[in-house]
Amino acid sequence: MCNNLAAETKQKDFIDQLQCPEVRMLTQAVFGPALIQILATPSSAHQQREATAPRAEEAQPANQPVFALDATYQQWLTALDLAPESLIDFLASPQRLKLGVYHERLWQYFLTHSHETELICANLKARHKGQDLGEFDLIYQHHKLGLVHCEIASKYYLADGEDDSAWEHWHGPGKTDRLDLKLHHSINKQLNLADHPAAMATLESMLNQEQKQRVSKQPLVKHLHVGGRLFYRRSDQPVGRQTPQHLNPHHLKGHWLFLHEWQALLANHRLRFCSVDKPFWLDTLAGHQQWMTRTENKPALAQEQPEMVVYQLDEQHSAQYGFVVPNDWLSR
């Protein structure tokens, strides 16, 4: 446990010292703690079954991610941090990218430039008889694992306070999605897309002859990486946190509070805070140093929609992530 904590702290320290936001977000997306990660190799793929949450035998241990932030990657990322133009250009778009698309591009850049991988295709749509079967997020060749189908997401869920250990009690800020539904879709549909002959045929059309021969002998490796952050109900009293089974115990955390509770904090503390806009939800605390003060507070904060903030109660408290939600959020 101590070794894991020391390694986690060392990794966080490395990510936080990166100066370029885009490089920091790339590093966090790939190497930061995932909410859940599955690596189904050919030896375990036959165990894949219908599931509403990951099964223990398929879940990659949290301290053994597919990509480890070793010395080689640290050297590459440090160099990229000094000259990030290629990454910034890759992320550039005439339109503001949705958070999910921005996150995908970070992974695409990584898989293209990693010494361990070759990106074969991204966002490959599969159809059969005029019907959409689904879309492969990423197909990459890993030097050790072989051909990998990777599904990725960066999700931000708030506990409704009823039973934090149940996946279905975690909701997106807009209450339009739930963690259990996301996992069910990712595991039972997206990860199994290649099991459909027409989808596999679409994938094979993107492979060279050597890759086709290899995949005919060795099934695709299935890789699910769900990053993001979970927000627990804020409490002034110490409470034991319950988390869903198979959740990475080192996942990124924050908490949420109602607008009236936020206003009370503003009134009773020397609060420093800043609103966090997308895509900087993907960043770390080190990326949010331009604090807003109470006098600069936006009056409409969270009155209509939930809003992510980074805030510090006073100098005796550390900065933390929060979600401020409308007072009627639970009943929406």
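Me: What makes Lys222 and Asp195 a salt bridge?

Reply: In this predicted model, the closest N and O atoms of Lys222 and Asp195 are 3.3 Å apart. A salt bridge requires a side-chain nitrogen of Lys or Arg within 4 Å of a carboxyl oxygen of Asp or Glu, so the pair qualifies. The pair links distant parts of the chain, with Lys222 in strand β6 and Asp195 in the loop between α6 (179–190) and α7 (197–204), 27 residues apart.

Me: Are Lys222 and Asp195 called buried or exposed, and why?

Reply: Lys222 has a relative accessibility of 8%, and buried means under 20%, so Lys222 counts as buried. Asp195 stands at 53%, and exposed means over 50%, so Asp195 counts as exposed.

Me: What makes Arg127 and Asp132 a salt bridge?

Reply: The side chains of Arg127 and Asp132 meet at 2.5 Å, N to O. The limit is 4 Å, so the term applies. Arg127, at 46% relative accessibility, lies between the limits of 20% and 50% and therefore counts as partly exposed. Asp132, at 52%, is over 50% and therefore counts as exposed. The structure holds 9 salt bridges.

Me: How do you know that Arg233 and Glu261 tie together separate parts of the chain?

Reply: The side chains of Arg233 and Glu261 meet in a salt bridge of 2.9 Å, N to O. Arg233 lies in strand β6 and Glu261 in helix α9 (residues 259–268), so the bridge joins parts that are 28 residues apart in sequence. Arg233 has a relative accessible area of 24%, which is between 20% and 50%, so Arg233 is partly exposed. Glu261 also has a relative accessible area of 24% and is partly exposed.

Me: What is said of the charged end of Arg233 and the ring of Trp256?

Reply: The charged end of Arg233 sits over the ring of Trp256, 4.5 Å from its centre.

Me: How many aromatic pairs are counted, and why is the pair of Tyr73 and Phe110 called tilted?

Reply: The count comes to 17 aromatic pairs. The ring centres of Tyr73 and Phe110 are 5.5 Å apart, and the limit is 6.5 Å, so the rings pair. Tyr73 belongs to helix α3 (residues 71–82) and Phe110 to helix α5 (residues 99–113), and the two are 37 residues apart. Both Tyr73 and Phe110 are buried.

Me: Why is the pair of Phe231 and Phe323 called edge-to-face?

Reply: The planes of Phe231 and Phe323 stand at 80°, and planes over 60 degrees apart count as edge-to-face, so the pair takes that name. Their ring centres are 4.9 Å apart. Phe231 in strand β6 (residues 221–233) and Phe323 in strand β11 (residues 320–325) are 92 residues apart, and the pair links distant parts of the chain. Phe231 and Phe323 are both buried.

Me: Which residues form one aromatic cluster with Phe67, and what does Phe67 touch?

Reply: Phe31, Phe67, Tyr73, Trp76, Trp107, Phe110 and Tyr140 form one aromatic cluster. Leaving out residues up to four places away in sequence, Phe67 touches residues including Phe31, Tyr73, Trp107, Phe110 and Tyr140. In the largest nonpolar core, which has 48 residues, Phe67 and Leu106 touch the most other members. Helix α5 gives this core its largest share, 7 residues.

Me: Why is Gln211 called buried?

Reply: Gln211 has a relative accessibility of 9%, under the 20% limit, so Gln211 counts as buried. Gln211 lies in helix α8 (residues 209–217). Beyond its neighbours within four places in sequence, Gln211 is in contact with Glu118, Ile120, Gln141 and Met206.

Me: Which elements do the buried residues of α6 pack against?

Reply: The buried residues of α6 pack against β1 (36–40), β3 (131–142), β4 (146–159), β5 (170–171) and β6. Among the buried residues of α6 are Leu179, Leu183, Ile187 and Gln190.

Me: What share of the chain counts as buried?

Reply: Of the 332 residues of the chain, 50% count as buried. The chain has 9 helices and 11 strands.

Note on methods:
Residues are numbered from 1 along each chain as its sequence is written. This is a predicted model: local features need pLDDT of at least 70, side-chain atom pairs count only at pLDDT 80 or more; totals for chains, interfaces and linings use all residues. Side-chain values use heavy atoms; hydrogens and water are left out. Rings of Phe, Tyr and Trp (its six-membered ring) pair if their centres lie within 6.5 Å; planes under 30 degrees apart count as stacked, over 60 as edge-to-face and the rest as tilted. Helices (H or I, at least four residues) and strands (E, at least two) are DSSP runs, numbered from the N terminus. Buried means under 20% relative accessible area, exposed over 50%, partly exposed in between (1.4 Å probe, protein chains only). A charge sits over a ring if NZ of Lys or CZ of Arg is within 6 Å of the ring centre and within 35 degrees of the ring normal. Contact means heavy atoms within 4.5 Å. A nonpolar core is a set of buried Ala, Val, Leu, Ile, Met, Phe, Trp, Tyr and Cys residues joined through side-chain atoms within 4.5 Å.
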